[in-house]
Amino acid sequence: MKKQIFELPLAGKTLIVEHTDLTSQAGGSVMVKLGETVVLATAVMSDHTQPALPYFPLSVEFEEKFYAAGAIMGSRFSRREGKPSDEAVLSARLIDRTIRPLFPSHLRHDVQVVITVLALGEDDPDILGIIGASLALGISDIPWGGPVGAVRISRNKVTGALYINPTYIERPVGAMEFEVVACGLEGTINMIEVSGDEVQEGDVLAVLEGAINFHAVLEVFQKNIISQIGKPKRRITATAIAPAVEELYASQFSHRLWETVFSKQSGKNHIVALGKEFITAVAALDATLSPVHSKDYFDEKINDVLHSGAASGLRADGRALDEVRPLHAQAGGISPVLHGSGIFYRGETHVFSALTLGGPDSAQIIDSVEDKNFSKRFMHHYNFPPYSVGETGRVGGFNRRMIGHGALAEKALVPLLPAQADFPYTIRLVSETMSSNGSSSMASVCASSLALFDGGVPMKCHVAGIASGVMMGESSYVLLTDIQGPEDEHGDMDFKVAGTSEGITAIQMDVKVKGVSIEILHGALEKARLARLQILETLVATIPMPQSQISPRAPHITMVHILPEQIGLVIGGGGKTINKIKDESGVDEITIEDSGIVYITGTNIATQTAAAIITAMTKVYAVGDIVEVEITKITAFGAFARLDTYHEGLIHISEVIPERLESLEGILKPGDKVMVAVVKIDEGKIGLSIKKINPHFLATNASSSL
């Protein structure tokens, strides 16, 4: 095996890159190691082109192998890896959004980047995947404008300590005030993913500035590797546009396109209609010209018009540059069957969100190489049916975009949810995009916030989201608030920010240019903050506080606290006892945590019945307790007495009266009820005494005699 090894000190560890002939058929490949985590990154470009495609055919795959975790995983009936986990899809999207803007826009060769997690230690493989993809592309013959740097920076809630590429151990769930994943090159940022607990804009900017310095180190490291082992890049030239087509556009469509784009219509159908007319006209001019090339040319002109208009303060729908489209919010009103619902409009983007509450057993169990047997109590799912954009297509199922948008909204809402100890429900939200014209993911955050309030989930406050954009010129730029369809498609940045009036809970950014500056991000954050506050006013005016009670259609949950050592008592052998409690009470679920918290789910009456049974079963008696007991059995050494349905104690013969007794005959008999004191507890055995509280028991008990 041929092998070259490159090393870089990185945040107290050593980043190791190995280039070998293990994957000798790939266009470019490297193995990247940090700690015990190892990923293999490969990049391949097809020899043939697909000129009929209206887009660049890039695919990024993130493969999590079970063996990477050192475990045999899967179901009992299949031990093979199946479809990618949601985490794998999100990691693939991180890589895709980072590398895609750096390919030539005219490239129509299939390019596939595959990241394979070979071994999983304490370090997250996603950052290694981005660096690996950058290097695999960089040393290959594939035309690409990298390399890029990538880093994750987090801050601990309690200590305030900053972590560079924190391990799984350093970043347990809920421990971090914020977590920023930033990628970029040459002093700019081209991909951001942020989760925060109402973090301030200034803190995010400071982290991004630090990330740029970190990127610079990684860029130098990668450029050194590429200079040593990189292949010459293949030259892929763009198809030249015939002069006759340019003349046709200039004479018949240039002025019309400007008027059409700035006709103050919020949709894009009017622009699409003109584009079809242009393609038809080109075909009539020369039938050999490709309609795809004609469309690409027309799209470039739309891009130019939108940028020129923005530089003059013009937007496609006539709004001011920082103006939010008309807002509408509704909480509830769909059907009492739903546990909660919300509807949110922002212009022509309309989203409906539905809330469903369930018991702890309804939580999703995640079993992947990264999360083993992890219970997820909050889920947000996002759907984007074809009718939302006036098209036909496949209905049902989900794709990577839906997973990504659902995860973004979920991330935005999590910090404001009540703790499980205060609200032990499993929470599922589903956002249905009914109409889409820009940033339905941020509209999902707003609609979901309304649904949570409507459903009586004790949220700290509302959460809102907005998408901003930028139109960049050669030496200037223009920021746009609340981008809509054409601005999203032809703009240079999609900058989604969600949060509360106090701070940011989530950010997602990707670009179509090489990268954007900190100055642009500073302005975009401020524009997003002001727009977010405006949207929050609408949400608060609609439903200012969560409903005081959850829906009567939702299950009721009662909590009981028992000692951890009593868990086996409640469950019983083979679950016999807990199943009996379920049958007797009629509850749906009884869930017991290792800490001893018991969650009982069902109707109110049923949960109270089960709670009473478990409370009685696990009652703990203490020395000094005074209890009325029923005598169950007389022996030579004392009397057994029932304290309650589940507990029995012994009144030793010496604990009946102060004087010595030879026998209890004629003094106590089965069925007698007497008051006793608990005088001893030894490994579950309870010692009782009559004389402790009534030394004159014989004198006061008319039925007693010596």
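Predicted model: local features only at pLDDT ≥ 70, side-chain atom pairs only at ≥ 80, totals over all residues.
View 1. Because F103 sits in the loop between helix 1 (86-99) and strand 6 (109-119), and W144 in the loop between helix 2 (125-139) and strand 7 (149-156), the pair ties together parts that are 41 residues apart in sequence; helices (H or I, at least four residues) and strands (E, at least two) are DSSP runs numbered from the N terminus. F103 is buried at a relative accessible area of 6%, and W144 likewise counts as buried at 10% (buried: under 20% relative accessible area, 1.4 Å probe, protein chains only).

**View 2. An aromatic cluster.** Y249, F253, F278, Y297 and F298 together form one aromatic cluster.

**View 3. Charges over rings.** R401 lies over the face of F384, 4.2 Å from the ring centre, and K619 lies over the face of Y621 at 5.0 Å (NZ of Lys or CZ of Arg within 6 Å of the ring centre and within 35 degrees of the ring normal).

**View 4. Buried residues of helix 10.** The buried residues of helix 10 include I518, L525, R532 and L539.

Residues are numbered from 1 along each chain as its sequence is written. Local features need pLDDT of at least 70, side-chain atom pairs count only at pLDDT 80 or more, totals for chains, interfaces and linings use all residues, and side-chain values use heavy atoms, with hydrogens and water left out.

Conventions: Buried < 20%, exposed > 50% of the residue type's maximum accessible area, 1.4 Å probe, protein only. Phe/Tyr/Trp six-rings, centres within 6.5 Å; stacked < 30°, edge-to-face > 60°.
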